[in-house]
Every structure is written in C-alpha cells, then in structure tokens.
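Work through the exercises below with the structure in view. Try each task before you read its solution.

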Amino acid sequence: MRNRDTIETLETFVVLARLNSVGKTAEQLHISKASVSRRISSLETSIGKLFIRNQNGSELTPLGYLFLKRFNLS
C-alpha cells in the first residue's frame, strides 16, 4: 500500500468506527460505498476482522476496539 492509500484507509476505518454506517461514511468522505468496503476489506486482510456487519450497520469487533485504541482515537 502506498502512504496515501494507507492514510485514506485508516481515515475510513476511524470514520466507520464512529458512524457505524458504510453509507454515512461514504457520504462524509465523498466516496462510494464500494470504496469504503474495499478499504476496510483491505485493512482486515492485513490485520483481521475489525467490524461485524449486520442490517443495522457496522460494529467494531474486540480487535477493532483494540486497533482504534492503539491510535488513541477511542
């Protein structure tokens, strides 16, 4: 991953963790829902499962909370 890609992916993670909605995250970042999903999927491939997705949105997994806390963003 290039540095810019990494920063954008981490920003997407933080916004999704805060909003718990792929749609709202996409809207706030001015990108498509598919782009949000791709970025999170890429991050999860590297780190592990960060979100539980359901019909009500996305929730952080325990690993997701730890990852967020690591950056002192919780």
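**Exercise 1. Count the aromatic pairs in this predicted model, then classify the pair of Phe 13 and Phe 67.**

Solution. 
- Start with the count. Rings pair if their centres lie within 6.5 Å. By this rule there are two aromatic pairs.
- Take Phe 13 and Phe 67. Their ring centres are 5.0 Å apart, and their planes make an angle of 70°. Planes over 60 degrees apart count as edge-to-face, so this pair is edge-to-face.
- Phe 13 sits in helix H1 (residues 3-19), and Phe 67 in helix H4 (residues 62-70). They are 54 residues apart, so the pair links distant parts of the chain.
- Now widen the view. Ring pairs join Phe 13, Phe 51 and Phe 67 into a cluster.

**Exercise 2. Decide whether Phe 13, Phe 67, Thr 9 and Ala 34 are buried, partly exposed or exposed.**

Solution. 
- Set the cut-offs. Buried means under 20% relative accessible area, and exposed means over 50%.
- Phe 13 has a relative accessible area of 1%, so this residue is buried.
- Phe 67 has 14%, so Phe 67 is buried too.
- Thr 9 has 5% relative accessibility, so Thr 9 counts as buried.
- Ala 34 has 41%, so Ala 34 counts as partly exposed.

**Exercise 3. Find what the side chain of Thr 9 reaches.**

Solution. 
- Locate the residue. Thr 9 lies in helix H1.
- Follow its side chain. It reaches the backbone oxygen of Asp 5 at 2.8 Å. The cut-off for a polar contact is 3.5 Å.

**Exercise 4. Describe how strands E1 and E2 are joined.**

Solution. 
- Find the strands. E1 covers residues 51-54, and E2 covers residues 57-60.
- Count the bridges and check the direction. Four bridges join the strands, which run antiparallel.
- Look at the turn. Two residues lie between E1 and E2, and the strands form a hairpin.
- Asn 54 stands opposite Gly 57 in E2.

**Exercise 5. Judge the confidence of the model.**

Solution. 
- Take the whole protein. The mean pLDDT is 92, and 95% of residues reach 70 or more.
- Compare the elements. Confidence is lowest in H1, at a mean of 92, and highest in helix H2 (residues 22-29), at 97.
- Keep a caution in mind. Where pLDDT is low, the predicted coordinates should not be read in detail.

Methods: Residues numbered from 1 in each chain as written. Predicted model: local features only at pLDDT ≥ 70, side-chain atom pairs only at ≥ 80, totals over all residues. Heavy atoms only, no water. Buried < 20%, exposed > 50% of the residue type's maximum accessible area, 1.4 Å probe, protein only. Phe/Tyr/Trp six-rings, centres within 6.5 Å; stacked < 30°, edge-to-face > 60°. Pairing = 2+ DSSP bridges. pLDDT = per-residue confidence, 0-100. Polar contact = N/O pair within 3.5 Å; in protein donor to acceptor, adjacent residues only side chain to side chain.
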